[in-house]
Amino acid sequence: QVQLVESGGGLVQAGGSLRLSCVASSRTFSGRAMGWFRQAPGKGRQFIATINRSGSSTYYADSVKGRFTISRDNAKNTVLLQMSSLKPEDTAVYYCAAGSYSARSDDYNDWGQGTQVTVSS
């Protein structure tokens, strides 16, 4: 099991940028794919992006493709989500997760506590 701690959320105007960070406690971080998901009020958890163990492959939801970038630094046990051109509909709690290289939340075993991102119009 790995503990994940997200940070970097906040309030930003539409069109702005934020960078989310997720730090993992385990030295097995490099052996896990990482993903970002989000959940808006009254909605289910939505896949955002995933990155494989080495960082050589990434996959994005259509809704964020071209605006968000996922990356990882295995030496620092960190995965990042760079978000730009933010829209009000990006408002949600954002979660990082460790598991398999997948867009399905069921394929992730460990989850962070979430960080709130609010985009004002």
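Basis of the entries. I note that the model is predicted, that local features need pLDDT of at least 70, that side-chain atom pairs count only at pLDDT 80 or more, and that totals for chains, interfaces and linings use all residues. Residues are numbered from 1 along each chain as its sequence is written, and side-chain values use heavy atoms, with hydrogens and water left out.

Salt bridges. I searched the whole structure and recorded 6 salt bridges, each being a side-chain nitrogen of Lys or Arg within 4 Å of a carboxyl oxygen of Asp or Glu.

R67 and D90. I found R67 paired with D90 in a salt bridge, at 2.8 Å from N to O. The pair ties together parts 23 residues apart in sequence, because R67 lies in the loop between β6 (58-60) and β7 (68-73) and D90 in the loop between β8 (78-83) and β9 (92-99). Strands here are DSSP runs (E, at least two residues), numbered from the N terminus. D90 has a relative accessible area of 1% and is buried. I also noted that R38 joins R67 and D90 in a network of salt bridges.

R104 and D107. I recorded a salt bridge between these side chains at 3.0 Å, N to O. R104 is partly exposed at 46% relative accessibility, and D107 is partly exposed at 25%.

K65 and D62. I listed a salt bridge whose closest N and O atoms are 3.1 Å apart. D62 is exposed, at 68% relative accessibility.

Notes. Buried means under 20% relative accessible area, exposed over 50%, partly exposed in between (1.4 Å probe, protein chains only). Helices (H or I, at least four residues) and strands (E, at least two) are DSSP runs, numbered from the N terminus.
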